[in-house]
Amino acid sequence: MIKLHSLSSYTLIAGLFLLVLIQIDRQSYKRHFQYLGQDTIEIVESKVPSKIFTIICHGYAGSKEMMRQLAFDVVNAGSNAVIFDFIGHGANSQRLINNPTELSGTTQQLVDQVINVIDLLKLIYGSDIKLNLIGHSMASDIVIRASEKQNISSIAAISPYSTKVTENFPKDLLLTSGQFEKHLRNHSLKFTKLIVTDADENVEYSNGLVRRKASYTKNTGHVSVIYSPQTSATITEWFNLNNGHRTLWSTQIIWILLGLTMITYGLSRLKLATINYYENTRVSSVKSIIVGISSTTIALSSSYIDYELFTIFGFGSVAAYFGIVGATTLLVCREIWENSEKFHFYPFIKLLVAFSILVILINYFIGSFFIANHRIFAFLIMIIPLTIFCVAIEKLISMSATIIALFIRILPLMGFSILLAIFPEKYGVMFTTVPIYIFYFLVFGYIGKIQRKSVGSYTIGTLHGIFLAFALAATNPIFSI
């Protein structure tokens, strides 16, 4: 039976209650779906009848769910909001063309997708509708290119970078970035200076034909900028919509993150077993460091392994790297074998359910990431190598001092980052493996650290292998080979 300490019980219930309140608020927005081939287009209806439609596009490795708060703000301001998952992202089952560096490759594929959405809206609602475009990061360039031969009223590019902007195109362009994105802010200001040479940030300029502004949102970075009330206010004002300013307290992502944090804390204190597991043997700090460095160094040779079982790109390379790190760790550190432990099946099942609940909640409220179609194959490619990796690393961590354990956790990430830098053509499109690895162990790793004392390293390592493979398969974009 699963038991909770009183504080954990209250925290878990409070976290769930917060998410219920968020869901009630979401249900107050009317929405419907249109289908365009294999694409699912979600249209959130304006709070007042409107012929204005704002298409909102997410960035690389993102999903439409990440843009939902901005969509609600646009809806409250008097425009219909249109969100969807790009090809290879989120719930979209199609594969991206594996040619991200050529404008005629991946970029054109995504530009065509946006144009198809524009054509669909005109077909359904009439050619007289007013269209605005919003694009974040990668999508800032996509929406600018998609607007070239379309009747677009205005464009808002968030965290923008594009080679398409000129002195005369686009005619109406807002460029807004996070305060901490200095390079992108300079890039935006450069585009504004094309029409007014002494232009400054946060000032609107016009030469009679072109309207442009480079702005920034205070205290935000590349991701947080899309959730900020200031960003929404800047965009709705630029689009000449009714600016119903959202307060910080009504910002859903704050309460979603708080709710998920409380749920994570509650799940970490689940009483799964009556045993208390303590590691009797410690590995010396010197040997732990040597094992970590040697396994990661050897794993760099994974760049020479072509391990792609299915018609999707990059996941075999990720699996090979982490699999070699794990296998080398097991071979070099014999203490892992000499201090074997029992695998606790029933606590494993209980934790499996707990992890699954957290995955569902994160997926629903933050990510809209799904394991389906090609992502199933990505998961199958990675599950065994990543499980070997996680079991070996969890055991080594449990036998090492705390500061060394942190080093062991981070070192494989450093090794993979080196591969990204040395072999960008093979690992470049998989760069989101790095932030997902960090996020995974901040959340699920916290639960695993607490539960390791009850169920042991093997059980926790197996769980981490399964769910880390799931996380990487669900979030990395899907490219064809």
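## Strand pairing

Two strands are said to pair if DSSP finds at least two bridges between them. The model discussed here is a predicted one. Strand β3, residues 52-57, and strand β4, residues 80-83, meet this criterion with four bridges and run in the parallel sense. Within this pairing, F53 stands opposite N80 of β4.

## The sheet

Nine strands make up an open sheet with mixed pairing, and their order is β1-β2-β4-β3-β5-β6-β7-β9-β8. At the edges stand β1 (31-36) and β8 (204-206); each has a single partner strand, so one side of each lacks a neighbour in the sheet. From one strand to the next, the twist averages 20°.

## Helices on the sheet

Helix α3, formed by residues 103-125, lies across β1, β2 (39-44), β3, β4 and β5 (130-136), and runs at about 115° to β1. Helix α6, residues 229-238, also packs on the sheet, where it touches β5, β6, β7, β8 and β9 (211-217). The direction of α6 makes about 170° with that of β9.

## The loop residue T163

T163 belongs to the loop that lies between β6 (154-158) and β7 (172-178). Its relative accessible area is 62%; because exposed means over 50%, T163 is classed as exposed.

Which residues does T163 contact, leaving aside its neighbours within four places in sequence? They are D141 and R145. D141 is 22 residues from T163 along the chain, and their C-alpha atoms are separated by 7.6 Å. With R145, T163 makes a polar contact between side chains, at 2.7 Å.

Methods
Residues numbered from 1 in each chain as written. Predicted model: local features only at pLDDT ≥ 70, side-chain atom pairs only at ≥ 80, totals over all residues. Heavy atoms only, no water. Helix = DSSP H or I, 4+ residues; strand = E, 2+ residues; numbered from the N terminus. Buried < 20%, exposed > 50% of the residue type's maximum accessible area, 1.4 Å probe, protein only. Contact = heavy atoms within 4.5 Å. Polar contact = N/O pair within 3.5 Å; in protein donor to acceptor, adjacent residues only side chain to side chain. Axes fitted to C-alpha atoms, helices over the stretch in contact; angles between N-to-C directions.
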